[in-house]
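Hello,

Here is the structure I promised to pass on. Please have a look, and then read on for what turned up in it.

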Amino acid sequence: MAGDIVPIELGLTDGNIFTLWAPRWREGDDEWEAFLGLDEDLYGFPGVAELAAFIRNDDDNDLVEHPAWETVVGLQADELVPDDRHSYDLVGVPELAAEDPSPEVIAELEDALEIVRILGEVCELTVITKFFNGNPILGAVTTGTRNFVGREGVDLWVRIGRLIAKHWDDVIDAIDDVISTPKVDPAAVETAEAELEAAASAEDEDEPADDDIELVEGAAAATSDEGSDDTDDSDEDDDHDDEIDDDIDDDDFWAGVGIDPIRIVTSDGEYLSLRCYLGDDPVFLGNNGKIFVFGSSRSLSRFLADDDDHDLADVSTFDEVRTGATDGSLEFDVIDDNVYVLPGLVDDIADGPRRMDRNQLDLAVELLTDAADYADDDSVNEALGSTTPLGWFVDYAINPDPKRMAPSPPFENESEAWRALVHDFEARLVKKS
């Protein structure tokens, strides 16, 4: 989809409608957010073909000044079909909130509540803004399943469901009242319908025939049967592997020396390094605040065997590490808690707290904080302080609490602040070969 204009589908009282949504964008010092419409009217169309026909022939609506509008006008009709994430069954929200709070149900409910909240703000629908402003417990939906565990969690979910059941008809009525459907050129609709049919036919041709599927399934079944005779041997091997793993756990080299191998995944690649803690102070394989990272176990071992110009050389147990690197016995088995994946978090933050992989974010905060502390740099602690928007966002995402108000979108500023922290961290990395 072009730029930041997104096709969406809304399930309303009279059926589903299709329209466009432009999430917040900036022009100079001003921020804007809009839907396809004009003045107080929100334009909705019964099908994608009518939406495409209107876009191609209308230059009097609230989105024509958007930077991506001209690109949207040139899209094929099938590119205006909303994806699953942007299809919202709004009339079904009360039934959704009455279901058990599974991750899928919570995610769908949050998406529906979020688009309704935005509709209320953009279209200045007082009924909707009062509904959200007056009921802060709705923010608990943005933090995933952990708020709805146990007796208190179930009670919270029930309260939210009752709240929605009580007020949702008024919410839907407010949206229905601003929907209008402009006339469109029938010939343009026919052209768009032909594009949709052609795209559907092309997709059908790309799908494997039933006969091909049967052949593949038959081959898989045959392979499975051939391997069944080895089941007993495989089980014995698994038991033997378990015994070996137990031996390794009982005699863990890295735990013994108090130094951890770490794996860092950045936008440029995946790297190995080492870190330990002296008291509460992190010490990395590096010096002068720089962290040495390596693209392979071999290059890391070679460096450890030959080079003492780094801060870990002063650690009392490092001689054991050097010996293992020298005789080739050193292995770098990185546990999950020492794997730090940085790519994707900028976009996740922009999408809001519920989109976050909290464990990934928590680990990334640990890494960035440790690296800054190692370099005697206070910038990360300051950026993540409780009084900053990013600090509030991160704390809420990692430690959600339904009793306090969730951070409010948009989250572009928080996302950019995080991007800057990651950029500074990556500048500390010295890649060794």
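Let me begin with Glu114, Arg117 and Glu121, which are linked in a network of salt bridges (a side-chain nitrogen of Lys or Arg within 4 Å of a carboxyl oxygen of Asp or Glu). Before the rest, a word on the basis: this is a predicted model, in which local features need pLDDT of at least 70 and side-chain atom pairs count only at pLDDT 80 or more, while totals for chains, interfaces and linings use all residues. Residues are numbered from 1 along each chain as its sequence is written, and side-chain values use heavy atoms, with hydrogens and water left out.

Across the whole structure, the search gives eleven salt bridges. One of them joins the side chains of arginine 56 and glutamate 195, at 2.8 Å from N to O. This pair ties together distant parts of the chain, 139 residues apart: arginine 56 belongs to helix H1 and glutamate 195 to helix H7 (residues 186-206). Helices here are DSSP runs of H or I with at least four residues, numbered from the N terminus. Arginine 56 is partly exposed, at 27% relative accessible area, whereas glutamate 195 is buried at 16%. For these words, buried means under 20% relative accessible area, exposed over 50%, and partly exposed in between (1.4 Å probe, protein chains only).

Aspartate 308 and arginine 322 also form a salt bridge, with their closest N and O atoms 2.8 Å apart. Aspartate 308 is partly exposed, with a relative accessible area of 45%.

A further pair is arginine 263 with glutamate 270, whose closest N and O atoms lie 3.2 Å apart. Arginine 263 is partly exposed at 24%, and glutamate 270 is partly exposed at 44%.

Turning to leucine 363, you will find this residue in helix H14 (residues 358-374), where it is buried at 10% relative accessibility. Beyond its neighbours within four places in sequence, leucine 363 is in contact with Asp336, Asp337, Val339 and Tyr340; contact means heavy atoms within 4.5 Å.

Finally, do look at aspartate 59, in the loop between helix H1 (48-57) and helix H2 (69-73). Aspartate 59 is exposed, at 67% relative accessible area.

Best wishes

Key
Helices (H or I, at least four residues) and strands (E, at least two) are DSSP runs, numbered from the N terminus.
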